[in-house]
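Here is a short walk through one protein model. Keep the sequence and the 3D view side by side as you read.

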Amino acid sequence: MKDKKTTILGIDPGTRITGYGIVQYSSHSVVPIDFGCIRPPLSASLNEKYAYIFRGVNELLDRYEIEHFSTETQFLGKNIQSTIKVSMARAVSILPASNRLIPVFEYSPKKAKL
């Protein structure tokens with residue numbers, strides 16, 4: 001029986017930098033495929049940054065055959081405005097996967113870093 005390989009896109013959301021990593025997982029290995037950052041222009045408004053992140057994730061989904069999507073759950077910091085902005089970035093990064101019916105998995109920041 002052939003070992004099933006699954007391609008996973010992991011996202012670390014942020015309004016300045018949204019990091020991503022793509023791996024191919026099987027029961028015997030994890031192989032890195034691609035990684036990088038989606039960096040909206042610093043001069044862009046928040047709404048423009050959210051649209052830029054949305055388009056960036058869509059481009060990754062177009063380029064690779066992603067079967068699972070992974071992201072961090074929101075860390076609740078002391079600065080509520082910062083928490084809201086990162087939550088919005090997280091939402092717009094999840095939406096392209098959800099629209100394509102790709103299963104979304106959420107992990108705590110500590111677990112996701114592992």
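Helices (H or I, at least four residues) and strands (E, at least two) are DSSP runs, numbered from the N terminus. By that count, the protein has three helices and five strands. Their order from the N terminus is β-β-β-α-β-α-β-α. The radius of gyration is 14 Å, close to the 13 Å from the globule rule for 114 residues, so the protein is as compact as a globular protein of that length. That radius is taken over C-alpha atoms, and the rule is 2.2 Å times the number of residues to the power 0.38. Along its principal axes, the C-alpha trace spans about 50 × 30 × 25 Å.

A word on the ground rules. This is a predicted model, where local features need pLDDT of at least 70 and side-chain atom pairs count only at pLDDT 80 or more, while totals for chains, interfaces and linings use all residues. Residues are numbered from 1 along each chain as its sequence is written, and side-chain values use heavy atoms, with hydrogens and water left out.

Now the surface. The protein exposes about 7,600 Å², and carbon and sulfur atoms supply 58% of that area. Accessible areas come from the Shrake-Rupley method with a 1.4 Å probe; for residues, only the protein chains shown count as cover. A residue is buried under 20% relative accessible area, exposed over 50%, and partly exposed in between (1.4 Å probe, protein chains only). Buried residues make up 34% of the 114 residues.

Next, contacts, meaning heavy atoms within 4.5 Å. Take the contacts between residues at least 6 apart in sequence: 54% of them join residues at least 24 apart. Glycine 36 gives a local view. It lies in strand S3 (residues 30–38). Leaving aside neighbours within four places in sequence, glycine 36 is in contact with Thr18, Gly19 and Tyr20. Glycine 36 and isoleucine 11 are 25 residues apart in sequence, and their C-alpha atoms are 9.9 Å apart in space.

What about charge? The protein has 15 positive and 10 negative side chains, with the centres of the two sets 7 Å apart. Lys and Arg count as positive, Asp and Glu as negative; His and the chain ends are not counted. The place of a charge is NZ of Lys, CZ of Arg, CG of Asp or CD of Glu.

How many salt bridges does a search of the whole structure find? It finds four. A salt bridge puts a side-chain nitrogen of Lys or Arg within 4 Å of a carboxyl oxygen of Asp or Glu. One of them joins lysine 4 and glutamate 67, at 2.9 Å from N to O. This pair links distant parts of the chain, 63 residues apart: lysine 4 sits in the segment before strand S1 (6–12), glutamate 67 in the loop between H1 and strand S4 (68–72). Lysine 4 counts as exposed because its relative accessibility is 54%.

Arginine 100 and aspartate 62 form another, with the closest N and O atoms 2.7 Å apart. Arginine 100 is in the loop between helix H2 (80–99) and strand S5 (104–107), and aspartate 62 is in helix H1, 38 residues apart.

Lysine 49 also lies in helix H1 (residues 46–63). Lysine 49 is buried yet has no salt bridge. The nearest side chain of opposite charge, glutamate 48, is 8.4 Å away. Not counting residues up to four places away in sequence, lysine 49 touches Thr15, Pro40, Pro41, Leu42 and Ala44.
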